[in-house]
Amino acid sequence: MFKYIVKRILQAIPLLFIITLITFLIINLAPGEPIYMFIDPESAKHVNIEVIKHKYGLDQPIHIRYFVWLKGILKFDFGISFLEKRPVLQMINQRLFATISLMLVSVIISFLIAIPAGIVSAVKRNSVGDYLFSTLSFIGVSIPSFWFGLMLILLFSLKLGWLPSSGMRENFDQFDFVDRLKHIILPACVLAFGTMASKMRYMRSSMLEVIRQDYIRTARSKGLSERIVIWKHAFRNALLPIITLLGMLLPGIFGGAVAVETVFGWPGMGRMIVQSTFSRDYPVIMGTELFSSILVIIGSLIADVLYAVADPRIKYN
Amino acid sequence: MEKLLEIKDLKTYFYTEDGVVPAVDGVSFYVKAGETLGVVGESGCGKSVTATSVLRLIPNPPGKIMKESQITFDGKDILKLTEKEMRKIRGNEISMIFQEPMTSLNPVYKIGDQISEALILHQRMSKKEAWEKSVEMLRLVGIPMPEKIADEYPHSLSGGMRQRAMIAIALSCNPKLLIADEPTTALDVTVQAQILDLMNELKNKVNASIMMITHNLGVVAETCDRVIVMYAGKVVEEGDVYSIFEDPKHPYTIGLLNSIPSEYSRGKKLDSIKGSVPNPLNMPKGCRFWPRCNKAMPICREKEPDIIKLGEERTVSCFLYGMEGDAK
Amino acid sequence: MAQVNLNLQNQEEVNIAESFEYSDTFSKKLKIFWRRFRKHKLAVVGLIILIILYTSAIFAPFIAPYDPNGTPDDLLFTDKAPTFKPYTDFNMNGEEVVFKPNYFGRDELGRDVFSRCLYAGRISLTVGFVSVGIYVLIGIIWGAIAGYYGGIVDSIMMRIVDAIMSMPTMMLLITILAVFKPNLYNVMIVIGLTGWTGVARYVRAEFLSLKKRDFVEAARCIGCSNARIIFKHILPNAMAPVIVAATMGIAGAILTESTLSFFGLGVQPPTASWGNMLTNAQELNTMIQSPWKAFYPGFLIFITVLSFNFVGDGLRDALDPKLKQ
Ligand SMILES: Nc1ncnc2c1ncn2[C@@H]1O[C@H](COP(=O)(O)OP(=O)(O)O)[C@@H](O)[C@H]1O
Ligand SMILES: [Mg+2]
């Protein structure tokens with residue numbers, strides 16, 4: 001298993017490398033002077049461009065520039081925000097908790113619904129419930145999350161007045177759990193609804209695969225009840241691969257978070273990147289993009305390692 | 001000896017998208033208390049389906065046991081029991097060993113837990129008692145270091161060891177009937193012999209009846225008292241081991257015997273039965289064996305042969321023996 | 001007589017085998033395809049909805065009661081609630097005239113939301129096809145090369161696919177559009193450039209399994225060139241999952257475009273797109289006072305995307321039942 005984990009980490013390294021390369025190419029293929037990616041065009045009016053170019057090493061060939069830039073990234077230097085004049089990493093750091101907590105709550109909600117729904121769909125294949133869940137999952141992937149969010153705000157915040165429409169907290173002085181919960185519930189549900197579909201379908205096909213297995217027949221032949229056969233013997237086997245699915249879904253969840261955070265005024269990284277586009281704050285945009293990609297890779301790495309720990313089969317292979 | 005299990009006119013059909021598959025089509029036989037019955041036939045002839053029907057574990061849909069079928073076990077009409085009553089029989093009074101030892105154990109539970117499960121369920125043992133009994137069962141089936149193995153996951157065991165563990169599960173509740181569905185087919189030849197020896201040895205110890213399903217006549221010769229021969233969902237011949245081997249009646253049985261190397265066939269050319277198993281969706285009319293039979297007569301294509309009683313516990317289903325004065 | 005006809009028809013149904021064969025004629029394949037597709041009720045409904053949407057987008061100038069970008073008159077009626085009857089009111093010159101109904105109400109500039117939705121449909125419905133066209137092309141070429149050559153070429157190419165797949169696409173799109181200029185063409189190109197990875201994987205997998213098959217070996221034996229083998233022999237066989245992925249990809253592309261336009265990074269006003277029509281709806285006042293502005297464009301996105309997804313599902317059932325579980 002140790003070998004497996006090491007192998008998995010080694011696989012992540014080229015991915016990270018390619019991702020930095022792609023990000024770097026975006027910066028350098030941009031129309032106009034790439035220098036404006038590093039300094040604010042406003043302040044650049046008053047200084048000698050050549051001097052700045054030299055200062056940032058922009059007069060050097062592209063591959064050298066890449067390694068210089070990469071060295072900075074490896075030292076956690078994501079640049080300085082044009083607007084706020086402080087390190088991008090520091091800004092991300094402030095927003096990280098909000099984004100992660102939103103994603104975590106939404107992942108929990110979506111699993112709590114998707115797993116039982118997927119199992120019921122598989123066990124009662126072609127039943128009314130199966131069709132219902134499959135139609136629901138189609139709706140989930142098809143509904144624009146920003147619009148769905150707006151409609152929920154319209155219903156629950158404006159018409160019914162049950163829940164706040166935006167932000168993270170009302171009470172800044174102390175930590176109020178109920179208040180937090182009220183704020184997170186709508187955005188988390190919207191985010192969960194969009195990502196639930198693939199989990200449900202994956203759970204369904206995973207379960208269908210498992211209930212055909214010989215060991216399920218063995219379990220039945222022991223005289224176990226159908227409930228135990230499904231929820232004990234089949235469940236654990238069908239659930240394990242879902243852990244790795246989480247790694248595959250992370251990019252989508254991040255993407256979904258951008259829209260949801262924007263609509264609900266959630267102070268996370270997604271909202272920050274959208275807001276930065278209006279002020280053309282390139283270091284923040286690029287830093288957020290790169291940072292979230294790295295988080296995704298780390299996330300799927302953790303998911304795969306968890307899978308290796310949870311599945312006794314990996315130990316012996 | 002009394003009949004422990006009696007099957008009459010068992011019909012198990014599968015309703016697939018392509019049509020109805022009559023996997024088992026009117027099979028009748030019985031197993032007496034304490035005996036080992038061999039069920040032989042080429043693969044696809046419905047042996048496993050027969051066995052799974054006894055436990056009522058046919059996946060439905062697509063499978064269905066037809067109404068006219070009758071299975072009596074120990075005085076109980078199996079097909080009329082409720083699901084709950086049926087669960088009390090599975091694993092407790094009738095248990096089953098499967099062909100695929102590599103995949104028949106749940107990969108995410110420990111061996112000991114998988115044996116304990118049946119004990120806790122049927123014998124109302126506590127977790128600890130069940131675990132101790134599991135270790136004991138593992139020792140009984142000849143697994144070295146049973147305490148350690150009970151604590152392992154199936155993936156650390158070889159095929160032969162896993163099959164022993166399966167046998168331990170099957171025997172843990174002292175069943176009256178053990179159905180062994182090709183228990184050695186997937187194993188190495190040397191391991192096969194060990195497992196068969198083990199089963200022979202245990203049979204005397206636990207005093208269970210065994211239904212030994214196999215396509216290997218060598219296994220039959222080694223373990224069984226009586227044999228039924230199946231072809232395309234039907235029983236074609238039945239008899240004690242001695243008469244089946246010495247005096248086979250049905251052309252299919254004769255073909256089967258000729259296709260295995262044995263001391264009788266030494267020096268002779270081995271021949272196999274020509275042709276192949278019929279498509280279950282499109283069974284030949286009349287006797288299902290006639291397209292491959294070297295003694296086929298015109299009537300074989302027209303009518304299905306009746307089951308003809310040749311003697312005490314000796315039947316054959318073939319027109320060669322239907323005519324007066326032609327028996328024997 | 002009627003009886004006989006009926007039987008003949010049944011016979012024909014029976015003759016159409018349930019599976020496609022390499023040798024089947026095109027019209028026979030089409031017949032089998034349609035027979036299977038028809039069974040998927042929701043896919044048929046989706047197809048009908050799409051036909052209606054596309055027809056009304058094409059004929060928008062004839063259907064739209066108002067100019068989508070507004071006239072001076074419209075400014076008099078900002079945020080007017082939906083009406084289904086024509087009404088009389090004063091225009092800019094103080095004359096009393098009859099106005100056509102505003103089925104979806106008017107927006108903050110008095111423009112007719114219904115007319116804008118019709119014109120916006122032209123954009124959203126085009127974006128899907130163009131960007132998916134781009135990425136299917138890239139995906140097929142990429143996957144074909146990787147799958148056909150295998151080995152080190154394959155490993156490197158698939159690592160790149162993995163890397164792109166593990167970048168949050170929305171963040172990547174925002175970054176690229178912020179650096180380049182946000183407009184309709186860039187949105188289409190950028191969605192095309194980032195979305196091809198799934199197609200590449202399908203095509204590669206099909207290639208890996210198909211290139212060992214007899215007919216490809218045979219083609220190689222009679223001396224066909226690599227390109228010819230790829231395009232004439234393997235590709236047609238790998239098309240089924242690609243068509244399904246493309247259909248669902250259109251759905252995804254429409255969703256992405258509308259989200260980007262909603263952020264202000266896509267189609268720029270005054271050109272209407274379903275996404276940018278919602279940008280202003282973010283303000284709570286809008287939501288309270290004129291919710292119709294937020295409802296209709298979003299609902300149209302939803303219905304369109306849903307229809308494409310259903311049609312894609314129907315195509316999957318019809319083209320390759322093995323894919324269904
Ligand atoms: N789940 C099923 N669906 C359809 N047909 C089945 C199913 N299970 C078994 N059959 C059919 O039943 C026949 C007998 O199978 P089986 O009893 O497994 O043969 P064997 O004698 O090798 O054990 C086969 O022709 C097989 O196609
Ligand atoms: Mg079998």
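This is a predicted model: local features need pLDDT of at least 70, side-chain atom pairs count only at pLDDT 80 or more; totals for chains, interfaces and linings use all residues.
**View 1. The shell of residues around ligand 1.** The elements that give two or more residues to this shell are β1 (3–16) and α1 (47–54) of chain B, and α1(B) gives the most, with three residues. There are 13 residues around ligand 1, and those that come nearest are B:Ala23, B:Gly44, B:Lys47, B:Ser48 and B:Val49. Sorted by class, the shell around ligand 1 consists of six nonpolar, five polar and two charged residues.

**View 2. The contact between chain B and chain A.** On the side of chain B, 25 residues are in contact with 20 residues of chain A. Between them the two chains bury about 2,300 Å², with 59% of this area on carbon and sulfur atoms. The residues of chain B that lose the most area to chain A are B:Val108, B:Tyr109 and B:Glu117, which together account for 26% of what that side buries.

**View 3. Salt bridges and polar contacts between chain B and chain A.** The rule finds three salt bridges across the interface of chain B and chain A; one of the residue pairs joined by a salt bridge is A:Arg217 with B:Glu100, whose closest N and O atoms are 3.0 Å apart. Counting residue pairs in polar contact, with both residues at pLDDT 80 or more, gives 13 between chain B and chain A. Two or more residues each are given to the side of chain B that touches chain A by α3 (111–122) and α6 (159–171) of chain B, and α3(B) gives the most to that side, with five residues. The class composition of the side of chain B that touches chain A is 12 nonpolar, eight polar and five charged residues.

**View 4. The contact between chain C and chain A.** Here 46 residues of chain C are in contact with 52 residues of chain A, and the area buried between these chains is about 4,200 Å², of which carbon and sulfur atoms give 79%. Across the interface of chain C and chain A the rule finds zero salt bridges, whereas five residue pairs are found in polar contact, both residues of each pair being at pLDDT 80 or more.

**View 5. Helices of chain C on the side that touches chain A.** At least two residues of this side are supplied by each of α6 (151–165), α7 (169–179), α11 (226–263), α12 (284–289) and α13 (292–319) of chain C. The largest share, 11 residues, comes from α13(C). By class, the residues of the side of chain C that touches chain A divide into 35 nonpolar, eight polar and three charged.

Technical notes:
Residues are numbered from 1 along each chain as its sequence is written. Chains are lettered from A and ligands numbered from 1 in the order in which they are written. Side-chain values use heavy atoms; hydrogens and water are left out. Contact means heavy atoms within 4.5 Å. Buried area is the accessible area (1.4 Å probe) that two parts lose on being put together, summed over both. A salt bridge is a side-chain nitrogen of Lys or Arg within 4 Å of a carboxyl oxygen of Asp or Glu. A polar contact is a pair of N or O atoms within 3.5 Å; within protein, one must be able to donate a hydrogen and the other to accept it, and residues adjacent in sequence count only if both atoms are side-chain atoms. Helices (H or I, at least four residues) and strands (E, at least two) are DSSP runs, numbered from the N terminus. Ala, Val, Leu, Ile, Met, Phe, Trp, Tyr, Cys and Pro count as nonpolar, Asp, Glu, Lys and Arg as charged, and the others, Gly among them, as polar. A residue is near a molecule or strand if one of its heavy atoms lies within 4 Å of it.
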